[in-house]
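Please consult the sequence and structure shown below while reading.

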Amino acid sequence: MNGTRMINLRKFIDIGANLTDPMYQGIYHGSQKHQPDLNHVLERSWNNNLSKIIITASNVEESKKALALARTDDRLFSTVGCHPTRCGEFEESGDPEAYLESLCDLASNNKDKIIAIGEMGLDYDRLQFCSKDVQKKYFEMQLSMCSTLKLPMFLHCRNASEDFVRILRKHKDKLTAGVVHSFDGNPEDANNILQLGLYIGINGCSLKTEENLFAVTTIPSDRLMIETDCPWCEIRPTHAAAKHVITHFPTVKKEKWQADRMVKGRNEPCTIVQILEILARVRDEEEEYLCNQIYKNTMKLFFPYEL
């Protein structure tokens with residue numbers, strides 16, 4: 001009985017959930033496979049100790065959709081920003097300053113729900129979507145929102161650690177606190193991020209290899225956050241981390257959708273417990289202690305007014 005009570009005392013905050021993704025409307029690669037089921041996904045989240053979810057946004061349109069969704073539940077919040085792979089939109093809009101202004105206005109007019117600037121940063125794994133120069137230019141431009149909005153940063157870095165850290169160091173005096181989400185770097189990358197005073201967000205994509213697992217042991221517990229980055233970044237059986245997972249959720253193929261089952265291959269916020277289980281084991285830390293510490297870190301960054 002005590003064990004059950006302890007588990008129910010847990011609180012999770014998913015700092016990165018792409019809940020506006022068409023998959024939660026039953027649409028995969030443009031084709032409708034089942035009915036919209038975000039309500040079931042959220043119900044599973046709340047039933048599995050999620051206390052808050054931050055919906056991430058990748059451009060102006062998504063920022064508006066994320067905000068509209070966040071307005072449907074007291075436990076949902078959202079970000080405003082332009083993902084590195086979408087930074088071409090600044091120029092395609094014909095007026096980069098106006099594009100930035102629309103992000104700024106959205107955030108300043110909805111501070112009860114928009115709690116971070118992002119997702120912004122650099123992604124050199126997907127240069128087919130946006131060149132390095134364009135990414136760097138509009139990452140720096142978005143950083144200018146920090147001093148205006150006084151909101152924390154939700155940062156993205158893929159295979160771009162050197163330029164990413166250099167740009168942040170260059171603007172260090174103007175920056176707010178923040179988190180580098182979906183971290184998959186080495187211990188040196190982690191240390192450079194920590195030196196900037198930032199937190200590090202861990203999800204399934206952070207835990208694929210034995211090298212990844214070692215890197216996450218080097219991050220102090222008071223700098224850790226966890227996320228799912230759903231519907232992406234699930235922990236797959238082939239990942240080094242899979243052997244450390246204790247909690248499993250029943251799944252069915254999307255073509256055989258059932259309201260009370262997860263869709264195979266589509267991640268959800270409820271799986272955040274798996275990230276905790278893996279971190280506790282590879283770091284040799286007590287689950288409840290780590291869960292509590294991560295929750296405190298997340299509240300301190302994103303919800304300080306509630307503390």
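In this predicted model, arginine 86 forms a salt bridge with glutamate 62, and their closest N and O atoms are 3.5 Å apart. Arginine 86 lies in the loop between strand 5 (76-80) and helix 4 (88-92), whereas glutamate 62 belongs to helix 3 (residues 60-70), so the pair ties together parts that are 24 residues apart in sequence. The two partners can also be described by their accessibility. Arginine 86 is partly exposed, at 27% relative accessibility. Glutamate 62 has a relative accessible area of 19% and is buried, because buried means under 20%.

Another salt bridge joins aspartate 163 to lysine 136, with 3.6 Å between the closest N and O atoms. This pair links distant parts of the chain, since aspartate 163 sits in helix 7 (residues 161-170) and lysine 136 in helix 6 (residues 132-149), 27 residues apart. Aspartate 163 is buried, its relative accessible area being 17%.

Glutamate 234 and arginine 236 form a salt bridge as well, the closest N and O atoms being 3.4 Å apart. Glutamate 234 is partly exposed at a relative accessible area of 24%, and arginine 236 is likewise partly exposed, at 47%. Salt bridges that share partners also join Arg10, Arg281, Glu287 and Glu288 into one network.

The pairs described above are listed here.

| Salt bridge | Closest N and O atoms |
|---|---|
| Arginine 86 and glutamate 62 | 3.5 Å |
| Aspartate 163 and lysine 136 | 3.6 Å |
| Glutamate 234 and arginine 236 | 3.4 Å |

In total, the count comes to 22 salt bridges.

How values were computed. Residues are numbered from 1 along each chain as its sequence is written. This is a predicted model: local features need pLDDT of at least 70, side-chain atom pairs count only at pLDDT 80 or more; totals for chains, interfaces and linings use all residues. Side-chain values use heavy atoms; hydrogens and water are left out. A salt bridge is a side-chain nitrogen of Lys or Arg within 4 Å of a carboxyl oxygen of Asp or Glu. Helices (H or I, at least four residues) and strands (E, at least two) are DSSP runs, numbered from the N terminus. Buried means under 20% relative accessible area, exposed over 50%, partly exposed in between (1.4 Å probe, protein chains only).
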